[in-house]
Amino acid sequence: MDLFLLFIATLLGMIIINILLKYFFPNPKEKNTLVPPGTFGLPIIGETIQFLVSLYYGLVHEFVQERTKKYNSNIFKTSILGQKVVVFSGPNANKFIFTRGNKLLIGWRPNSVQKLFPSTSFVPIEHDTKRAQNVMSYFLNSQNVETLISTMDYMSHTHLENHWKGNNEVIVYDLVKLFTFILSIRVFMGIENSDKILNLYEKFNIFSRGLLVLDINFPGTTFYKAMKVGKELRKEMKAIIEERRIELLENPNLSKVDVLTQVINEKDGNGKCMSEVEMIDKLFGFIIGSYHTTGTAITLIMKYLEEKHEFFNDIVQEQNEISRNMMPREVLCWNDIQKMKKTWNFVNEVLRDTPILQGTFREVIEDITYDGFLIPKGWKIYLSVGATQKNGEYFPNPTKFDPSRFDGNGLVPYTSIPFGGGQKMCPGKEFARIMILVFLHHVLKRFRWEAKVPSEKILCPFFLVPVPTNGYPVTLYNV
């Protein structure tokens, strides 16, 4: 035991000494050239506490705007999580990251993510994104999208019938997150067994809580629980993949068009399939990205709809008109989705006002110059989404909720980026858009609601996505 404690103390000492040396004795190149303005804050800690507090309260844009104003620059240096970081904001920075930065930057993931997704140790994030885009593009092509919409339509109706109808009160976030998970599992993997889905749901909730926490793998910690359940999920996913492989071997023309089949069949430029570890990580990413972010978005949209009465009637009118024009057809189709323009403008304004992801990290793989400043190799870049979307220069009166901002093509390019942009556009953007609009269509047809906690705060537990602190409990009224 004493030797173990000595080892831990020595290891911690070496880490601290290494950080102090880097802090007090920087690379001569960093010292003698023009790096961005700013401060690294306190040794070791830097500005991590201020950043994480602002992240938890959904106020990273304020953290960024205070410093851009102080340094009179859209980029500034700081220290977060023991890393030297340059914070970017503004449309030019967004465009640089999403287009020109492809060969100069790589995605940077915290240690917790790297350990929970082991393929990140050998699959560059750029390859990861490209393969994800290939899978989703096939899944959402013109031949398959109508089937997808029909499935979403049926499942939205069934979910509301089974979980909302007959209840005077519901907690929106809990139910919507369950709905998006069930839909994702069915559409992505073809699983329909209710018990199996609920088992996976509980495990994925535990797993996702460990994504952005300290990677302390000690019994009782959030990360330990995530790693433990991650092993169980991998075992189950391996069996699911193997079962589908056998199905495909026995019937090469299997009609199942889902993400699981596409992941198994996906090949790189050399005709090589993904490794099993990469397949499982890809499926994990699709599932978590789908049900967490989309479930959160739907919850926030419903909250805003109830609060912004001046827009509610217009959106209901648009949805009712679509319903009338569908008759005698009962199931939504692609053309119906395209007509939901006012609804989608409202959604975009919600995502501008409360970004689902407040920002994203990148790592500099070679010295780069941006806006006249040197950013040395090895430094990290944090791209702030909210700082641009809440900037009055690009969105006049940014605190005013105004969906008409998104009418036509009036926005400056790369100012609103809830789904990324350029070659880094989120692979699941269209999937999320269809899911949100289909669900809203059905919930607006059947219900009206009133918040049980009118001034309910929105926070980011586990530093993930913004959710109402009580899950947005509402009183339901049938239409």
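**View 1. Helix α16 is largely enclosed by the rest of the structure, since eleven of its 13 residues are buried.** Here buried means under 20% relative accessible area, with a 1.4 Å probe and protein chains only. Helices are DSSP runs of H or I with at least four residues, numbered from the N terminus. This is a predicted model, where local features need pLDDT of at least 70, side-chain atom pairs count only at pLDDT 80 or more, and totals for chains, interfaces and linings use all residues. Residues are numbered from 1 along each chain as its sequence is written, and side-chain values use heavy atoms, leaving out hydrogens and water. Helix α16 covers residues 341-353 and reaches 18 Å from its first C-alpha to its last, close to the 18 Å expected at 1.5 Å a residue; that expected span is 1.5 Å times one less than the number of residues. Among its buried residues are Trp-344, Phe-346 and Arg-352. Their cover includes α13 (276-307), α14 (309-326), α17 (386-389) and α18 (429-446), judged by contact, meaning heavy atoms within 4.5 Å.

**View 2. Helix α9 is mostly covered, with 15 of its 18 residues buried.** From first C-alpha to last, α9 reaches 25 Å, close to the 26 Å expected at 1.5 Å a residue.

**View 3. Helices α9 (residues 172-189) and α13 pack at an angle of about 145°, with axes 8 Å apart.** The axes are lines fitted to C-alpha atoms over the stretch in contact, and angles run from 0 to 180 degrees between N-to-C directions. Look for Val-176, Phe-181 and Phe-188 among the α9 residues that meet α13, whose side of the contact includes Phe-286, Tyr-291 and Met-302.

**View 4. A search of the whole structure finds 31 aromatic pairs.** The rings of Phe-51 and Phe-63 have centres 5.7 Å apart and planes at 75°, so this pair is edge-to-face. Rings pair if their centres lie within 6.5 Å, and planes over 60 degrees apart count as edge-to-face. Because Phe-51 lies in helix α3 (residues 48-56) and Phe-63 in helix α4 (residues 60-71), the pair ties together parts twelve residues apart in sequence. Phe-51 counts as buried at 3% relative accessibility, and Phe-63 counts as buried at 5%.

Methods: Helix = DSSP H or I, 4+ residues; strand = E, 2+ residues; numbered from the N terminus. Buried < 20%, exposed > 50% of the residue type's maximum accessible area, 1.4 Å probe, protein only. Phe/Tyr/Trp six-rings, centres within 6.5 Å; stacked < 30°, edge-to-face > 60°.
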